[in-house]
Amino acid sequence: MAKKQLEVLNALDVAKTQWYHFTAIVIAGMGFFTDAYDLFCISLVTKLLGRLYYTVEGAEKPGSLPPNVAAAVNGVAFCGTLTGQLFFGWLGDKLGRKKVYGMTLMMMVICSIASGLSLGSQRKAVMATLCFFRFWLGFGIAGFGILAGGTVATIMSSAFKAAYPAPAYEVNAAASIPAASDYVWRLIVMFGALPAALTYYWRMKMPETARYTALVAKNAKQAAADMSKVLQVDLEAEPEPEREKVKQFGLFSKEFLRRHGLHLLGTTSTWFLLDIAFYSQNLFQKDIFSAIGWIPAAKTMNALEEVYKIARAQTLIALCSTVPGYWFTVFFIDRMGRFAIQIMGFTMMTIFMFALAIPYDHWTHPDNRIGFVVMYSLTFFFANFGPNATTFVVPAEIFPARFRSTCHGISSAAGKAGAMVGAFGFLYAAQSKDPKKTEAGYPAGIGVRNSLLVLGCVNALGVMFTFLVPESNGKSLEEMSKENEVENENIGEMAVPARTLPV
């Protein structure tokens, strides 16, 4: 038996695209922009941090971050993000999306600035405070900046390189690290505060989401009034209907497990598996490009030139694969459906990972490097025209409104757990099997080739777990979450669970 859908929610489902929708898209987009920028910009400056604070006088090669420091700098934000998404996901269902979004934006602004102002000049003080503030930055990120990170770093390093020319490390080690280099990484890290600050004002001007106000806060009158203003239509402040006295099931109830248990397992497992591959690829692509010789050896460049070449390489990858992948998703997601795009994305990522790993020695030859870069770029294209988009969308569509933020937070936190596995694990795993060829301080690993094989297997598992995720294309949020169903006290008359495959 189904309850009648509130008029305000029906008006949202059938409303034509208008200014309110574009405003919401821009505000949400700026949140994602800031999220991705803050998480990925650190990969652009870790080499510079190693030169600035860990170069040993007289050493043959420039300094690099020790393994424990590199792992902390790269991964601490994911630790904060994991805890933040669980906390703010729960809080979003208690206080509303608007208040929590504002809180996280302000935390991101403060911690982005504080990360760039890391205290002291001694390396222990700088690294400790940088990690401290990046943890809390990650905590606030519980919310398409990969390209932006590369672009900002390219501009910054290019400008400073022109203003402060310096010789290569192998020519003059001391002079290859201009004093101004210390400002470059700080400015790159602090830039993340700008989009978050700009977004805060506009988000606070928008009303709370109608579904939260009507279904969770139980104030249909306020929801109708809010949507009347933003949709520019006349919505009657309908009286609260007489609701049948049904005890609502909780998040940890058998009823939730029956209705949505497999769905939650599907969203958490696929996001976890995706982020192992996606974040390890993004954070350490500079190391992979160095391994195949696309980026020159560190000793042949000065500090600013190295940042510039790493940023330029990552910007090219983003421009040619990451960004187009997102736009393909925008165009096809309502035509193909979420399920088909996710299956296709994981499948293609698996194929390209194996195509890179199995003949890895072939790709390391100078004549074949461009082919490697093209194939590697295609893994990013199908990540974004695939699970990197759908794993975010689906949890926001298939769970009841009163659990939606919490379940999305749980799914996203699982993703960040995968990112931590990728960030910490790949750092060690990708080291050469020959102890003499590893970076300073690192034990022997399994090598880049075997690391790529592992990532291919991870993506293959993603294909399998996608079969637990339902298709939500073309259905209202209430239809997907079954919020309009009245629960029958007779267990024998319970509705059959929704199918998890598209029909």
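So, R51 and E306: both of these are buried. And they're paired up, with their side chains meeting in a salt bridge at 2.7 Å, N to O. Keep in mind that we're looking at a predicted model here. As a bit of background, oppositely charged side chains can pair when their charged atoms come close.

How many salt bridges does the count come to? Nine. I'll walk through a couple of others.

Take E60 and K299. Their side chains form a salt bridge too, at 3.6 Å from N to O. Buried or exposed, for E60? E60 counts as exposed, because its relative accessibility is 59% and the cut-off for exposed is over 50%. K299 has 29% relative accessibility, so K299 goes down as partly exposed.

Okay, next one: E255 with R258. This salt bridge comes in at 2.6 Å, N to O. Both residues sit in helix α12, which covers residues 254-283, and since they're three residues apart, about one helical turn separates them. E255 is buried, at 12% relative accessible area, while R258, at 30%, is partly exposed.

Last stop, helix α6, residues 123-140. That's 18 residues, and the helix reaches 26 Å from its first C-alpha to its last, close to the 26 Å you'd expect at 1.5 Å a residue. Which residues of α6 are buried? Among them are V126, M127, L130, L137 and F139. The buried list for α6 also includes R134, as well as T129 and C131. At the end of the helix, G138 and G140 are on that list too.

Note on methods
Residues are numbered from 1 along each chain as its sequence is written. This is a predicted model: local features need pLDDT of at least 70, side-chain atom pairs count only at pLDDT 80 or more; totals for chains, interfaces and linings use all residues. Side-chain values use heavy atoms; hydrogens and water are left out. Helices (H or I, at least four residues) and strands (E, at least two) are DSSP runs, numbered from the N terminus. The expected span of a helix is 1.5 Å times one less than its number of residues. Buried means under 20% relative accessible area, exposed over 50%, partly exposed in between (1.4 Å probe, protein chains only). A salt bridge is a side-chain nitrogen of Lys or Arg within 4 Å of a carboxyl oxygen of Asp or Glu.
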